[in-house]
Amino acid sequence: ASIGSNPISDFGKGSVAVGITSFPQRDRDPNHYHYYKVEKDGNLTIQKTRYQGGKFVRIGSTFSDYVLAYDPTIKNDGVVYDMIYRMYNPRSGEHLLTTNVHEVMQLRDDYQWKFEGSPGISAEEGVKVYRLYNKKTGEHLYTADPNEKKVLSTTQGWKVENDGKPLFYAYTSGKNAIYRLYNRQGTPVSQHHYTSSKKEIDILTTKYGGVCENKGNPVYYLR
């Protein structure tokens, strides 16, 4: 399977949610079903699993052989995850984050954006990350700072998208730290850049005049 020219297994260090339509037996709680990854040595490794809308969904970083099994002694996490997707506009240089698959498809099919995979999964709750849009410049900005959101949306003409709700929820700690960089020399839609790559940060700050905001600290974390 693929999205555009990229196989959907090609999503870097991110994760993907795979849903398989399956109905549990009537006398069995769907929250006790689990996906198990079949390792090369034949052993089974339990995977994050949830049941939603008639589908058992597996969260993982690879595609592989798996089995779906019932275990009355262990509950699956039961959490509804939102995948975060990153799109790229080669004409303007903008990177866009979204949890809306329909937006991904529209940007790819109608506007020739490139699909860049998933940088992570939204938490069930936690740090609220909002997506704002500046109609004058066309830039999207992502912030977890409620004061920044308020100032930009009430005095600077920015609009809080997603009906004013968070685009996704992030974590306060973790291994996948996201940094926000600012480059005044960038195009109006690409002056802010979000990345977890230290190599990318080094290149942008040493060669292209980028500044790592938030005093060089992560703005939030993903998983």
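Mentor: Helices (H or I, at least four residues) and strands (E, at least two) are DSSP runs, numbered from the N terminus. Residues are numbered from 1 along each chain as its sequence is written. This is a predicted model, where local features need pLDDT of at least 70, side-chain atom pairs count only at pLDDT 80 or more, and totals for chains, interfaces and linings use all residues; side-chain values use heavy atoms, with hydrogens and water left out.

Trainee: OK. In which sense do strand 4 and strand 5 pair, and over how many bridges?
Mentor: Antiparallel, over three bridges, with strand 4 spanning residues 33–38. Tyr36 has Ile46 in strand 5 as its bridge partner.

Trainee: What's the strand order in that open sheet?
Mentor: The order is 5-4-8, three strands with antiparallel pairing. Strand 5 (44–46) and strand 8 (66–70) are at the edges with a single partner strand each, so one side of each has no neighbour in the sheet.

Trainee: How much is the twist, on average, from one strand to the next?
Mentor: It averages 35°. Axes here are lines fitted to C-alpha atoms, for helices over the stretch in contact, and angles run from 0 to 180 degrees between N-to-C directions.

Trainee: Step back a bit. How many helices and strands does the chain have?
Mentor: Three helices and 20 strands. The chain has 223 residues, and 39% of them count as buried. Buried means under 20% relative accessible area, exposed over 50%, partly exposed in between (1.4 Å probe, protein chains only).

Trainee: And what about confidence: what does pLDDT average over the chain?
Mentor: It averages 81, and 83% of the residues score at least 70. pLDDT is the predictor's confidence in each residue, from 0 to 100.

Trainee: Where does pLDDT stay under 50?
Mentor: Over residues 1–12, for which the model has 18 contacts beyond four places in sequence. Contact means heavy atoms within 4.5 Å. Where pLDDT is low, the predicted coordinates should not be read in detail.

Trainee: New topic, strand 13. Is it mostly covered or uncovered?
Mentor: Mostly covered, with six of its eight residues buried.

Trainee: What does it pair with?
Mentor: Strand 14 (residues 140–143) is one partner, antiparallel over four bridges. Tyr133 has His140 as its bridge partner there. The two strands form a hairpin with five residues between them, and Gly138 in the turn has a positive phi of about 85°.

Trainee: Now electrostatics. How many salt bridges does the structure hold?
Mentor: Six. A salt bridge is a side-chain nitrogen of Lys or Arg within 4 Å of a carboxyl oxygen of Asp or Glu. One of them joins Arg131 and Glu161, at 2.6 Å, N to O. That pair links distant parts of the chain: Arg131 is in strand 13 (residues 127–134), while Glu161 is in the loop between strand 15 (158–160) and strand 16 (168–170), 30 residues apart.

Trainee: Are those two buried or exposed?
Mentor: Arg131 is buried at 8% relative accessibility. Glu161 is buried as well, at 18%.

Trainee: What caps the N-terminal end of helix 2?
Mentor: Asp145, with a side-chain oxygen 2.9 Å from the backbone nitrogen of Asn147. After the helix comes Gly157, whose phi is positive, near 80°.

Key
Pairing = 2+ DSSP bridges. Polar contact = N/O pair within 3.5 Å; in protein donor to acceptor, adjacent residues only side chain to side chain.
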